[in-house]
Amino acid sequence: MTDADLIARYDGRVPRYTSYPTAPHFTPEVGAQIYAGWLEKLPAGAPVSLYLHVPFCDRLCLYCGCNTSVVHLERPKRIYARTLMREIALVAQTVGRRLQVSHVHWGGGTPTVLPPDCLTDIMESVRGHFNLLPDAEIAIEIDPTSLSPDRLAALAQMGITRASLGVQDFDQAVQDAIGRQQSFEETAACAQALRGIGISSLNLDLIYGLPHQSEESLERTARQALALRAGRVAVFGYAHVPWMKKHQSLIPEASLPGARARFAQAKTVRRVLEREGGYIPVGLDHFARPGDAMAEAALGRKLHRSFQGYTTDAAPVLIGLGASAIGSLPQGYVQNAPGVPAYSAAINEGRLAVSRGAALTPDDRLRRAVIESIMCELEVDLQAQARAFDADPAPLLADAQVLAGFQADGLLSWDGTRIEVTEAGRPFVRNIAAVFDRYLTQQTATPRHAVAV
């Protein structure tokens with residue numbers, strides 16, 4: 001079967017499966033009071049992860065699907081930083097004891113748009129209310145064009161151990177179309193500066209499917225990315241969802257590559273990273289150098305999937321802090337109010353800012369494990385997973401009957417119990433995972449997710 005045939009058959013809209021149930025199925029029935037009860041019952045001794053969301057940027061990138069806005073004035077940034085520190089204290093107070101923290105991830109938006117003293121103060125607040133383990137990873141997302149010397153010094157003071165640099169594409173025409181001017185030289189200087197303060201673990205983000213992209217332009221960008229010597233590279237397909245992100249409507253749809261061109265672009269980047277750079281493919285869309293912790297996790301079947309994508313973070317609890325931040329606890333998921341005003345009002349009144357979430361059922365837990373195994377390990381034994389959850393495998397096996405078509409197309413092998421995704425099936429792993437998504441099969445109207453390819 002040709003690539004064109006596969007695209008025609010499988011290029012529908014399916015979730016990215018950074019959670020299960022996915023965020024469109026969160027409801028207001030899970031609110032602040034339920035979240036407080038979950039926090040109070042967190043298991044003793046197990047480490048947790050923290051995610052801190054900063055919903056501000058210095059510029060509007062037209063492709064962006066994140067919860068962020070352009071803010072230039074310093075005052076609202078300082079107000080938000082104070083609110084974030086209040087939430088840190090409130091969550092710690094609700095838990096009632098000092099939790100051990102194995103990972104801290106700053107995301108956005110662009111966290112480094114905050115004033116340097118705000119960054120260091122927030123990090124000190126984290127250390128004041130939680131016990132950071134000696135080997136805790138502290139990661140932050142950075143716009144390479146706006147990392148000033150004082151913010152660089154703040155990162156060193158904060159103890160940052162990993163930085164993620166947004167690149168997307170170095171081609172000038174593409175950058176003009178998405179409103180993100182960023183030269184290779186600026187990016188390389190940023191990487192050098194970060195390494196100069198001891199941050200040797202770097203991630204890069206690339207995107208295919210952007211306006212005016214071609215296989216040739218992405219091949220050039222991928223080769224330039226190799227020169228930056230990052231430990232990890234994420235290669236995402238652009239999600240054009242203007243009904244959710246109005247600013248994306250400024251991108252003319254006629255300038256976007258079609259499904260077949262997107263597929264070819266993804267293959268081009270992968271070829272350069274693997275054959276020329278020696279990167280190991282990780283899951284659907286990540287690549288890691290041999291010896292990197294993510295490559296080792298993938299090879300050792302210890303990879304995980306979270307709201308930040310693929311991760312080595314094995315903590316059973318993720319506490320989300322900041323507007324729109326999502327948390328994952330043993331009982332389910334919670335999400336803070338997405339807007340800064342509503343989020344700030346709750347925190348400043350001494351209330352947790354959760355506005356919606358999802359309480360996990362036994363079936364959710366089983367299917368989440370199945371989906372994560374498919375997304376991370378590209379294989380799953382349905383009988384073994386059911387036994388691990390003391391569940392009847394019959395519903396999973398019934399859902400799996402449609403896998404015969406995937407097998408006939410060469411995307412996986414299926415022996416009636418065990419699924420193994422082939423290399424040809426890797427680009428379609430979300431489609432395979434979706435077979436076990438009870439919410440997709442039961443709903444009457446499908447949420448408009450990003451395209452699968």
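This note reviews the aromatic rings of a predicted model.

1. A pair of aromatic rings is described by the distance of the centres and the angle of the planes. The structure contains nine aromatic pairs, and two of them are examined in the next points.

2. In the pair of Tyr 10 and Phe 428, the ring centres are 5.6 Å apart and the planes meet at 55°, so this pair is tilted. Tyr 10 belongs to helix α1 (residues 3-10), while Phe 428 lies in the loop between β19 (418-421) and α16 (429-434). The two residues are 418 residues apart, and the pair thus links distant parts of the chain. Both Tyr 10 and Phe 428 are buried.

3. In the pair of Phe 26 and Tyr 333, the centres are 5.7 Å apart and the planes stand at 15°; the pair is therefore stacked, since planes under 30 degrees apart count as stacked. Phe 26 is found in the loop between α1 and α2 (32-40) and Tyr 333 in strand β15 (residues 332-336), so the pair ties together parts that are 307 residues apart in sequence. Phe 26 is buried, as is Tyr 333.

4. Arg 305 lies over the face of Tyr 310, 4.4 Å from the ring centre. Likewise, Arg 438 places its charged end over the ring of Tyr 439, at 4.5 Å from the centre of that ring.

Methods: Residues are numbered from 1 along each chain as its sequence is written. This is a predicted model: local features need pLDDT of at least 70, side-chain atom pairs count only at pLDDT 80 or more; totals for chains, interfaces and linings use all residues. Side-chain values use heavy atoms; hydrogens and water are left out. Rings of Phe, Tyr and Trp (its six-membered ring) pair if their centres lie within 6.5 Å; planes under 30 degrees apart count as stacked, over 60 as edge-to-face and the rest as tilted. Helices (H or I, at least four residues) and strands (E, at least two) are DSSP runs, numbered from the N terminus. Buried means under 20% relative accessible area, exposed over 50%, partly exposed in between (1.4 Å probe, protein chains only). A charge sits over a ring if NZ of Lys or CZ of Arg is within 6 Å of the ring centre and within 35 degrees of the ring normal.
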